[in-house]
Amino acid sequence: MHSSDYVIVGGGLVGTALAVRLSEDPSVTVTIVEAGGDNFHDETIDVPSKVYQNFGNPIFDWAFMSTPQENLNGRPGKGLRRLKLGLFINLMFVNRASAEEYNDLARLAGNGWGWDDLQPYFRKSETLIRNDKDAEKYGAQYVGEYGASGPVQRSLPRSVSAAAIPWVEAFKARGYQHNVDNNNGDNRGVGICTKTLDARSVRSSSASAYYEPNKSRSNLNVILNALATRILTSADGGVVTATGIEYMQGDTVHVLHATKEVIVCCGAFKTPQLLELSGQCIDTANTVSLTVKLGIGDAKILKSLDIPVVIDLPGVGNNLPKLKPGYESAESLMDPEIAKTQEELFKTNGTGLFVSAGTPSTAAFLSFKDFDDDGSISKSIESLSLPEELTFKVQREWIKNENIPFLEFNTIDMFIPGTVAAPETGARYQTSSLILMHSFTRGSVHITSKDPSAPPAIDLNMLDDTDIKIFVKAYKILRDIHNTDPFKSCIDSEVSPGAGVKTDEEIMAYVKNSAITSFHPIGTASMRPQKDGGVIGSNLMVYGTANLRVVDASILPIHLSAHLQSTLYAFAEKAADIIKKLL
């Protein structure tokens with residue numbers, strides 16, 4: 001194969017879904033170029049509790065690491081990214097952010113990206129599997145507008161950890177609101193959440209939901225184990241046209257031409273890397289054609305690597321208690337007899353520890369006022385010297401808006417590696433996590449080499465003084481929850497950081513020694529005006545190009561109070577309509 005109408009670089013959640021939608025038109029050809037393989041139904045993919053076996057596995061995970069982080073005491077942060085056709089290494093948690101956040105996304109990115117605009121695409125991408133019995137058991141309701149015939153299956157989990165409902169009840173006992181459905185435009189409060197699980201409690205992904213039912217289409221092609229190395233372009237009259245891509249399989253370099261568009265869907269780490277590396281540029285505006293290595297990105301970085309510039313686009317802490325005897329968790333599956341029994345439960349009716357163990361089913365979303373009751377942190381943020389960008393203005397508005405969550409709390413029935421303690425043999429654990437969703441810090445991703453196989457330099461810029469102050473207050477809330485019945489009755493003892501960690505200074509030290517990322521990177525090719533550092537416009541087209549688009553998490557200009565699956569599926573669906581000129 002030497003050409004395709006649409007060349008999609010990256011077969012993750014967005015790339016796979018978008019390719020399938022574009023290939024609905026039999027008159028066009030669509031080709032996905034994917035660096036990984038297609039192990040669709042490995043049990044570590046299908047069985048929810050086994051997902052952690054893929055973390056760091058080079059077959060499934062790019063396993064990027066950041067540069068050493070000053071406020072993590074020199075530790076690097078991990079940037080988990082999938083490496084397979086489809087999406088296989090997330091924890092299946094699926095929710096939507098608040099309606100107001102999506103409406104502010106439209107302020108930043110342009111008209112057409114607000115809550116009402118995205119609702120049809122949320123629904124188009126999904127099918128809700130209703131189970132009124134489970135909903136009643138969890139105190140959940142189906143209030144949001146859900147899809148009934150879309151590819152991705154979402155459902156309330158058939159089983160949750162033994163401590164999950166007591167954890168929810170402890171939040172309610174402390175006065176936090178109970179949210180019966182955090183997909184209805186108001187996601188504040190605590191509750192049991194839906195996951196991308198089908199009726200058998202098997203993972204539903206873009207590969208299984210979009211690609212597998214349609215892989216026989218003659219106009220839908222996939223090139224696997226192929227590392228995209230450059231975007232090929234021509235420039236005429238100041239406008240750059242993407243003519244295809246260069247990719248490597250093994251040691252062999254191939255070229256795939258695009259007759260309509262090149263669409264980059266490589267994610268927040270690989271997309272900027274590919275744009276900066278780029279491809280070959282044929283400058284037809286000059287009388288003498290010139291073939292050069294192309295760079296799309298920050299001119300200073302590209303020039304430092306002798307890559308000529310075609311387009312200059314500058315652009316969590318844990319609390320870990322040990323559970324009392326009688327409570328089962330992921331550690332229980334280390335016992336062969338328990339594992340055998342639980343495997344049978346999973347295979348026969350989709351319930352048990354293979355569904356619940358090690359994957360979150362609960363979440364509590366809290367606004368800024370919920371943890372900054374004395375206003376001390378909001379005052380310190382007001383005094384920050386921040387760039388005059390709309391993103392920061394919006395975030396400052398969100399501080400005062402009680403409808404917009406700033407923190408997520410969740411709990412998982414397993415010992416999370418990376419904490420400051422070591423697990424005891426035979427013990428059962430429950431880890432509660434804090435996630436700061438709207439930090440005022442900004443990181444970066446840039447190439448450090450012309451070698452496309454070399455990982456980019458990822459500087460997460462984690463934890464400034466404001467972030468740490470937020471975590472200290474949030475940690476105190478979490479400890480209050482762990483000391484509140486009925487969750488308190490589940491706990492034997494606090495293992496990490498331990499009861500001896502009490503003062504603000506001690507909590508700060510713990511945060512710096514244990515904080516990690518939540519694996520939701522965004523914004524490295526953001527959709528906003530070019531003058532504000534944007535890389536693409538509201539039509540998803542890279543500024544200065546005629547037919548090069550980006551569609552993945554990198555386009556989000558600001559983080560949302562949500563796990564991003566639902567939003568990204570909606571983005572893929574909307575992108576398909578934009579490209580088909582239905583919008």
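**A helix and its salt bridges**

Modeller: The buried residues of α8 are Gly267, Ala268, Phe269, Lys270, Thr271, Pro272, Gln273, Leu274, Leu275, Glu276 and Leu277. Buried means under 20% relative accessible area, exposed over 50%, and partly exposed in between (1.4 Å probe, protein chains only). Helices (H or I, at least four residues) and strands (E, at least two) are DSSP runs, numbered from the N terminus. This is a predicted model: local features need pLDDT of at least 70, side-chain atom pairs count only at pLDDT 80 or more, and totals for chains, interfaces and linings use all residues. Residues are numbered from 1 along each chain as its sequence is written, and side-chain values use heavy atoms, with hydrogens and water left out.

Biologist: How many residues of helix α8 are buried?

Modeller: Helix α8 spans residues 267-277. The helix is mostly covered. The buried count is 11 of its 11 residues.

Biologist: Which residue follows α8, with a positive phi?

Modeller: The phi of this residue is near 55°. The residue is Ser278.

Biologist: How many salt bridges are there?

Modeller: Side chains of opposite charge can pair when their charged atoms come close. A salt bridge here is a side-chain nitrogen of Lys or Arg within 4 Å of a carboxyl oxygen of Asp or Glu. By this rule the count is 27.

Biologist: Which residue forms a salt bridge with Arg21?

Modeller: Arg21 is buried, at 13% relative accessible area. The closest N and O atoms are 2.8 Å apart, and the partner is Glu24.

Biologist: Which residues are linked with Arg21 and Glu24 in a network of salt bridges?

Modeller: Arg21 and Glu24 belong to a network of salt bridges.

Biologist: In which helix do Lys172 and Glu169 both lie?

Modeller: These two form a salt bridge, with the closest N and O atoms 3.2 Å apart. Lys172 is partly exposed at 30%, and Glu169 is partly exposed at 32%. They sit three residues apart, about one turn of the helix, in α6 (residues 164-173).

Biologist: How many residues apart in sequence are the parts that Lys473 and Asp372 tie together?

Modeller: Their side chains meet in a salt bridge, 3.2 Å from N to O. Lys473 lies in helix α15 (residues 465-482) and Asp372 in the loop between α12 (368-371) and α13 (376-382), so the pair ties together parts separated in sequence. Lys473 is buried at 19%, and Asp372 is buried at 5%. The separation is 101 residues.
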